[in-house]
Amino acid sequence: MTLSSAWLQRFHHLFNTASGQILDLACGTGRNSFYLHPLGLTLLALDKDVQVLAGLQAKGVETKVHDLEAGESGYDWPFAEHSFAAIIVCNYLHRPLFPHILASLKPDGLLIYETFAAGNENFGKPSNPAFLLRPGELLAQMQSNPEVTMSIIAYEDGYVEQPKPAMVQRICARKTGKISVLDKL
């Protein structure tokens, strides 16, 4: 089993454990859910790969099989607004989902997101620009939903050595609420 994200390890203490479920979005091997589960957090691990989720189910983690990139619009977001106390996304990028991810955070919900960035093609895969964030893009995506305000706790954009040499962007942000009509005036 690969180690969980160092970015997640750095910020998971900010989860408000009393406020609800944490979504491990596009969880892959489940490394982040395996890390969080022993901490007694309420988790939902989502991936399109049934076999990947079997190991998490065996450990008692709630799972959901779902293809986020299906549907006529090029995405299929299965969650309502204000569903999660936190959402974790590591090494996954599907740009149309950003507004939905932000909306699905509860007020004061935490987003921990990291994925590959432009320049990663020099270190291996992914190398397709469709799967690499442009400079500053992750930070800009925190404004992709005009109904949501995110407060940035930490942001990094650059080279990392571990778990392998790569170019990444990562952010930890808290949902500070909806923009009211008065705020728009």
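Before I start, one cut-off: a residue is called buried when its relative accessible area is under 20%, and exposed when that area is over 50%. I also keep in mind that this is a predicted model.

Entry 1, Phe11. I looked up its relative accessibility and found 7%, so Phe11 counts as buried.

Buried or exposed? At 2% relative accessibility, Trp7 counts as buried. I then checked where these two sit: Trp7 and Phe11 both belong to helix α1, four residues apart, which is about one turn of the helix.

To describe a pair of aromatic rings, I need the distance of the centres and the angle of the planes. I counted five aromatic pairs. For Trp7 and Phe11, the ring centres are 4.8 Å apart and the planes stand at 65 degrees; planes over 60 degrees apart count as edge-to-face, so this pair is edge-to-face. Elsewhere on my list, Trp77, Phe79 and Phe84 are linked into a cluster by ring pairs.

Which elements give two or more residues to its lining? I wrote down helices α1 (6-11) and α2 (31-36), plus strands β1 (22-25), β2 (43-47), β4 (84-90), β5 (105-116) and β7 (166-178).

I found 36 residues around the largest pocket, and Arg31, Cys90, Asn91, Tyr92 and Phe116 lie nearest its centre. Sorted by class, the lining has 16 nonpolar, eleven polar and nine charged residues.

Definitions and conventions:
Residues numbered from 1 in each chain as written. Predicted model: local features only at pLDDT ≥ 70, side-chain atom pairs only at ≥ 80, totals over all residues. Heavy atoms only, no water. 1 Å grid on protein atoms, 1.4 Å probe; cavity = no way out; pocket = protein on both sides within 12 Å on 5 of 7 lines; lining within 4 Å. Nonpolar A, V, L, I, M, F, W, Y, C, P; charged D, E, K, R; others polar. Phe/Tyr/Trp six-rings, centres within 6.5 Å; stacked < 30°, edge-to-face > 60°. Buried < 20%, exposed > 50% of the residue type's maximum accessible area, 1.4 Å probe, protein only.
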